[in-house]
Structures are given as structure tokens and as C-alpha cells.
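Dear colleague,

I am passing on to you the structure that follows. Please look through it first; my notes on what was found come after it.

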Amino acid sequence: RTSSSSFRTVCCRFIVSQLEWKRSEEMPLLHRKPFTRQKPPADLRPEEEVFLCKITHEIFRSYDEFFERTILCNSLVWSCALTGRADLTYLEAVESERRAKQSLQSFPQALVVPMLHLAALSGHCRLSELCEDVYAFVKDRFFPGEIVDVSGRNGARHMCEVVQVLSPYSSANGATPTNSQSRPADGDTIVISDSDDESDAFQSPKPQVNGGKKKPLNPSAFIYRVRKVKDECSEPFTVKGNQISRKKSAVSRERLKLLFKQHCEPQKGSIILKPSTVKKYRLSEQHFSQFFPDEPPFLPFSPHSIGSPGQVSSINVLEEKLKLLQKREEMATAVYEKARLKKEREEVQEAKRKEREGKDKLREEQRQRFEEEKQRKREERERRKLEKEREREKLKEEKKKYAQRLKLWNKPREDMECEDLKELPSPMPVRTRLPAELFGEALMVLEFLRAFGEAFNLKDEFPEGVTLEVLEEALVGTDPEGPLCELLFFFLTAIFQALDEEQEEVAKDQAEDLWEALDDDSDPTQSALTAVASLAAAWPQLHQGSGLKQLDLDSCTLSEILRLYILASGADCNHSNAKFRYQKQGGFTVMDDPCVELRVSDPALLKRLSCTPVYDLSPGEKLKILQALLGKLLTLASCRDLIEDCVDEQKAARQELREIRAEQHRRKREEIALR
């Protein structure tokens, strides 16, 4: 509801227009008679309250009329206007009409006109007999324009369209037969008169009594020219009748019955086509031979429509006698009929009077029940309102008490006054040979080896794994054959293998490069670092005849190879692999290399490494070198891919866990509901 009268006017007009549109649809039959909806009142006001029957889309001012219409719609007094089904409710009849219309719309259009021609050839007075005869004729015959299934020699089935039907008497090139073969007999000719009524012009042929009508040929003797539906450019080809079949649901007795009910009507004891159908499909201008090159079927006429000429005279005599007997019976029963009609009229009037009284009494009782129900609901609302008020007051009081307790609980007080005091656990000292400031960084190296050791084959160097004691020995000890040598072997070998794999990927895709997005020459510092790294990378090739990765790595050459690798770090950040670094390493530049960062931040360490073995360095310097190698591994694409895979697996596991928990909650709710 709204206070705006213009809005109510627009809504009222819209509802009335919708009701008028619904009224224009085809309606079910009430007691086998057409049903007409009640029109909206002409003086309907926009602000007036009415009763809407959602089933028939009608509006009523009176509740009694609305109630009667609702009861009527739910009663089994309706029937379908298309199928004739009776003992239905209104909605069931509407649904039956909808399904019948849908079935008629899906009926093959290429078969409509031939079916109507066959219906015109019959004189049946029963629709079931007509459907049976037509179905028996067309179930093995196919017509031009029809979509059928054609089975090939190899057993494959194709959906094809019938282009032409050839008689077995046709010539080899597909020409039509002679007039003696193709023209139908005179008795089967469709008569066209000058009458204005097209239903008289298109009349069914009379059967010949001299036996001059030819019997239709065997359906399997006809030849069909078909063309594939999916391939529009395919040429038509010829198949036999036994190679063709149609879908079972395309033509059936029930669908034929719906079609004939739509286009036929009973007249003078027989079923004929409607004049509108004859005019719509121009049936008077066509002949059955235009659709199928065979003699029209001889459909036997019902005895109620026409008889043979030899029986006409006897039938006339029997009809005269029957008329005399009927007149005598009519005269004898006239007085009785009048008295019976008078008595029935009085009984009907008395029944109507009692029915009116009963309806008035029923309405009064319904009105009283309605008022009592209304009063009961009003009292129930008042009671619920009072209960809600009491619950609201109770909840407000509880909240107030809770706020007071919370205020008292949040009030500062001495720790020793708390009720839930517990004794602190005794601390456990960590005893290690490492300096305290290096303990956290050492644990970081240990955690990296535990997380990524399996991916880089740590078992080859440390079959039993790396523990804190092993790492302490590597950082504090000075043994050339100790765990420090094995750790550096592991890091350098993993870095060289990962770089070789990256070089293979870079070599596969160097056609296009994103050098504009990663132009390192714009920064002089980065250019200088890259130049120095390139000179250091070329030094082994110039002085030792092989690259740094091909040099023999042992405990004696480890320090020099490590120093040369740190100096050569950053040389691979060039234009040739810029696209790879952008896509696989997140836009990796020379300043992102941990070894370059170590070289810039601590040049004294590299200077010491040139004249001092790595085993004689301090624990802090050894840990810096291990951290730089560890960071270099983390910048490579293989490590990044491993991390992303682990993140994806973790997300999938979390999603699976959420689904399992949701399923458990759902199962618990179902069990609770069942209990």
C-alpha cells in the first residue's frame, strides 16, 4: 500500500490489463461447456480492496464469490478442450491443454497436409477408427520434407530429409510414370465446385461398388530420394523403403487424434474437415498424388455415414417403419413426459430453494467461524506481544548484570588477587657452541635444509640428515673434510644444477624478450656490478680452459670456486633471459641476487677468502656465506615452483577440510532432526 493515488491507479490498470490478457487464452471446459471468466467490475476504484483468485486470474468484491470460485476450481468438473479428458481440476485441465498444444506444435509439418488429405478420404463417424486407419497407412510410408533415419550398409544411421518419393513403376532416371500408372481413378478424385463453402468443395470421395479401385502397393516397394540434414552440400541419394524409419514419437495414434480434433468436426453423422482448415492449407487445390505416388487408401466407411447402393431401399423401408413406431411412442409418452417435466421442474425449484437456504446458512457459519478465528488470532498476537515484552525486559536485566560483572572484572587489581593463578614453567637453557647472536640465523639455515633438502637431494651429502650438532661443527670447526665442506658442496651443486635447467628453458624461448621492462643499463651501479660479474665469470674460461661449473670441486678447490662464484653472481642478468626472469623469477634483477648483496655489503670477506681457506673463517663469516647461497637457491625458479606447489596443496587441503567439516555438521543436523 502507498499514500500516492497515482501509483495505485497505475498498478490497478496494470492488473486489469494482465487479467484481460489471461482471459484471451483458451479456456478449459466446465461441465463440457465453454467457461467464461468474470470481467473486472467497470466501477473498480484504484484504492479498493478486492479478492484475487490466482488460479483463474479473476477479482471479486465479495468473499463468498471468491470462495465459491476457489472451490469450483478445485472440483473434478473440468475437462480438457483439446484432448477431451474429463474429471479434472482447473489446473489439471490447463496443464492437459498445455501438453496437448506442445504435442501439436512438435508434430512434423511435412505430415500435416497428407494427414488431412487422408482424413478427407474417410467417412468414419468415430475418431478412433479414423486414427487407426490413417496410422495403419502412414506408419510404413514417408512423405517429402519429412526428417527420417536412414540405415547404411555398414549399420550406421544418418538423419536425412526425404526429397522425393518414387513409385516402383517409375523410370530409371527418376521420371514420373505414365498417366495410366500415376493418375488416380475417377472415383478418388477430389471434387472442386463453385460453391463459396470450401468444406463442400473439398469432400471425400465415395467408394466404388464395382470393384474398380486399385489396391495400394506394398510400402516396401517404394523408393525414396533423401539428402543428409547435417551436410547441406551433399547430393541426394536413393534408398529403399526398408532402410528408412521414423522416430516412434513422431507419429502415433494419440498425436493423430489431437491433430484431427484440431482440424475436424462431426457433421451429418460423419467426421469432416473444418472449412477454416480447408482454406488455411488450400486443400481444395491439391491432390494426394502430389505427396505420395500411390493409389489413395480405401478407408472403409462407417455404417452410420453411408451404405452400399444395394441396401438403400431396405434401409429406407426400415427407416419409415421406425418413424411410425417413434411417432406412436411419442404420442403415448407425451402426457407422461409433460407430467414428469412438471414434477421435475417443481423438484428442481424446491432443490434450488433448499440449496439457497443451505448456502445462506453455510455463509453465515463461515462468517461466524471467520470472526471467531480473527478474534482468536488477535488474542494470540496480544499474548505473544506480552511474552516478547517480558523476554525483552528479562534480557535487558541480564545484560545489565553482565555489564556490571564485566566492569568489575576489567577493573585493575593486583596479580596476586586473581583466582586462576598458575606456576610459571621452569625455563630450559639451550646449550650450544654458537654465539648467542648467531643462533637464530643458524636455525634458519637448519629449517631451510629440512624443508628443501629432499628437493635438492640432501641425502647424497648427508644420508642421516643435518642436525643442530652437525651445523655447529660446520660453523665452529676448521676441519677441511668436515661438515662445512659437505654443506658447501651441497649448495654449490644444487645451484649449478638449477642454473643449467634454467639455461635450457631460456634457450627454448628467446624470440621475444621484455628487455624494456627490465633495462639494467639505466642504473650505472647495476651496470658496473654486471660488468664485474661478467669478468669474473669469464676468468676460469680464460685461465683454466673451462667454465666455473666444469671445474673439479673438492675440499682443496672449494674456497677458490666459492669466491669465483660469488664474484660472478649477477652475470646471468642480461637481455637474453629477461623474459624468463620476468615470468619465472618475478622480475629478478642483479640487485636482488643475495651473493651480489654480500659482495657489496661485505667486500672484506671476499678479500679474505682470496688468501684464506673458507674453513678458517669465523662462524659469523661462514654463516653469511651459507645465508647467501641459501638465498640464491630461493631466488631460482625451481624453488619458487616448489613453494607455489606447496601453497596450492595447502589451499586444497584447507578446502577439503572445510568440506569435510560442513558434511559433518550437515550429518549432525540431520541426525538431530531425525531424533
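This is a predicted model: local features need pLDDT of at least 70, side-chain atom pairs count only at pLDDT 80 or more; totals for chains, interfaces and linings use all residues.

Two strands are said to pair if DSSP finds at least two bridges between them. Strand β11 (residues 264-267) pairs with strand β12 (residues 270-273) in the antiparallel sense, over four bridges. Opposite Glu265 stands Ile272 of β12. The hairpin has two residues between its strands, and Lys268 takes a positive phi near 60° there.

Overall composition

The protein chain contains 20 helices and twelve strands. Of its 675 residues, 32% are buried.

The five-stranded sheet

Five strands form an open sheet in the order β9-β8-β7-β6-β10, and their pairing is antiparallel. At the edges stand β9 (237-240) and β10 (244-245); each has a single partner strand, so one side of each is left without a neighbour in the sheet. Within the sheet, strand β7 (residues 157-166) runs antiparallel to β8 and is joined to β8 by six bridges. Glu161 has Arg227 in β8 as its bridge partner.

Aromatic pairs

The search of the whole structure gave 15 aromatic pairs. One of them is formed by Tyr63 and Phe66: the ring centres lie 6.1 Å apart and the planes stand at 50°, so this pair is tilted. Tyr63 and Phe66 both belong to helix α2 (residues 63-73), and because they are three residues apart there, about one helical turn separates them. Tyr63 has a relative accessibility of 37% and therefore counts as partly exposed.

A further pair, that of Phe142 and Tyr224, is edge-to-face, with 5.6 Å from centre to centre and 80° between the planes. This pair links distant parts of the chain, as Phe142 lies in the loop between α5 (127-138) and β6 (147-151), Tyr224 lies in strand β8 (residues 223-228), and 82 residues separate them. Phe142 counts as buried because its relative accessibility is 3%. Tyr224 is likewise buried, with a relative accessible area of 0%.

Helix packing

Two helix contacts may be of interest to you. A pair of packed helices is described by the angle between their axes and the distance between the axes.

Helix α4 (residues 112-120) packs against helix α8 (residues 253-263) at an angle of about 75°, and their axes are 11 Å apart. Angles of 65 to 115 degrees count as roughly perpendicular, and α4 is therefore roughly perpendicular to α8. On the α4 side the contact is made by Met115, Leu116 and Ala119, and on the α8 side by Leu256, Leu259, Phe260 and His263. Six of the residues in this contact of α4 with α8 are nonpolar, one is polar and none is charged.

In the second case, the axes of helix α15 (residues 558-568) and helix α17 (residues 594-601) come within 8 Å and cross at roughly 95°. α15 and α17 are therefore roughly perpendicular to each other. Tyr565, Ile566, Leu567 and Ala568 of α15 make the contact with Cys595, Leu598 and Arg599 of α17. These residues of the contact of α15 with α17 divide into six nonpolar, no polar and one charged.

Helix α15 also holds Ser559. Is Ser559 buried or exposed? With a relative accessible area of 9%, Ser559 is buried. When residues up to four places away in sequence are not counted, Ser559 touches Leu609, Pro613 and Val614.

Residues with positive phi

Two loop residues remain to be mentioned. Arg32 is a residue other than glycine, yet its phi has a positive value near 60°. Arg32 is found in the loop between β1 (29-30) and β2 (33-34), and it counts as exposed because its relative accessibility is 56%.

Asp87 is not a glycine either, and it has a positive phi of about 55°. Asp87 is placed in the loop between β5 (78-79) and α3 (90-105). With a relative accessible area of 58%, Asp87 is exposed.

Yours sincerely

Note on methods. Residues are numbered from 1 along each chain as its sequence is written. Side-chain values use heavy atoms; hydrogens and water are left out. Axes are lines fitted to C-alpha atoms, for helices over the stretch in contact, and angles run from 0 to 180 degrees between N-to-C directions. Angles under 35 degrees count as roughly parallel, over 145 as roughly antiparallel, 65 to 115 as roughly perpendicular and the rest as oblique. Contact means heavy atoms within 4.5 Å. Ala, Val, Leu, Ile, Met, Phe, Trp, Tyr, Cys and Pro count as nonpolar, Asp, Glu, Lys and Arg as charged, and the others, Gly among them, as polar. Rings of Phe, Tyr and Trp (its six-membered ring) pair if their centres lie within 6.5 Å; planes under 30 degrees apart count as stacked, over 60 as edge-to-face and the rest as tilted. Buried means under 20% relative accessible area, exposed over 50%, partly exposed in between (1.4 Å probe, protein chains only).
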